[in-house]
Amino acid sequence: MGRKIVTVVVLLGLLAAACGGGGDGASPSGEELFNETVLAGKPGCSTCHSLAPGQRLVGPSLAGIAATAATRVPGVSARDYLLDSLTDPNDYLVEGYDAGVMAEWDKVIGTDEINALVDYLLTLEP
């Protein structure tokens with residue numbers, strides 16, 4: 001009887017680990033989220049945005065975006081600019097790019113993930 005209980009407990013532990021249970025509960029970092037090629041069923045950030053200066057994919061390069069975001073809209077901080085760009089991407093379109101291409105990420109992923117992405121983007125200095 002004791003051996004069956006141990007077997008059941010071990011199997012439940014393995015099942016929980018396979019389903020994401022038993023972890024430390026930490027969310028993916030902003031860098032991990034950025035590098036996902038598919039994020040919540042949508043093309044991930046790195047699919048459309050390069051981190052190499054001047055390299056245009058579907059969207060503009062995000063090389064040095066921390067500095068750029070701080071100067072794009074007068075009176076808007078880099079953090080607020082990036083948050084708005086992720087949640088309302090058509091508000092501040094970069095010249096030469098079309099509206100309606102980028103997902104409104106707040107409708108796809110959670111607030112913690114959006115904040116993690118912004119925190120990561122703010123580290124991308126030139």
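**Close-up views of a predicted model**

At 1% relative accessibility, G44 counts as buried. Keep in mind as you look around that this is a predicted model.

View 1. You'll find G44 in the loop between β2 (42-43) and α3. Why call G44 buried? Buried means under 20% relative accessible area, and G44 comes in at 1%. Now skip the neighbours within four places in sequence: G44 is then in contact with E36, T37, V38 and L39. Look for F34 too: its C-alpha atom is 6.7 Å from that of G44, although the two residues are 10 apart along the chain.

**View 2. F34 and Y120 make a tilted aromatic pair.** How many aromatic pairs does a search of the whole structure find? It finds two. In the pair shown here, F34 and Y120 are 5.7 Å apart, centre to centre, with 50° between the planes. F34 belongs to helix α2 and Y120 to helix α6, so this pair ties together parts that lie 86 residues apart in sequence. Both F34 and Y120 are buried.

**View 3. Y81 and Y92 make a stacked aromatic pair.** Here the centres are 5.4 Å apart and the angle between the planes is 20°. Y81 is in helix α5, while Y92 is in the loop between α5 and α6, so the pair links parts 11 residues apart in sequence.

**View 4. The largest nonpolar core has 23 residues.** Which of them touch the most other members? They are F34, I65, L82, W105, L117 and L121. Helices α2 (30-35), α4, α5 (78-87) and α6 (111-121) each supply at least two residues of this core. Helix α6 gives the most, with six residues.

View 5. Where is L57? L57 lies in the loop between α3 (45-48) and α4 (65-72). With 36% relative accessibility, L57 counts as partly exposed.

How values were computed. Residues are numbered from 1 along each chain as its sequence is written. This is a predicted model: local features need pLDDT of at least 70, side-chain atom pairs count only at pLDDT 80 or more; totals for chains, interfaces and linings use all residues. Side-chain values use heavy atoms; hydrogens and water are left out. Helices (H or I, at least four residues) and strands (E, at least two) are DSSP runs, numbered from the N terminus. Buried means under 20% relative accessible area, exposed over 50%, partly exposed in between (1.4 Å probe, protein chains only). A nonpolar core is a set of buried Ala, Val, Leu, Ile, Met, Phe, Trp, Tyr and Cys residues joined through side-chain atoms within 4.5 Å. Rings of Phe, Tyr and Trp (its six-membered ring) pair if their centres lie within 6.5 Å; planes under 30 degrees apart count as stacked, over 60 as edge-to-face and the rest as tilted. Contact means heavy atoms within 4.5 Å.
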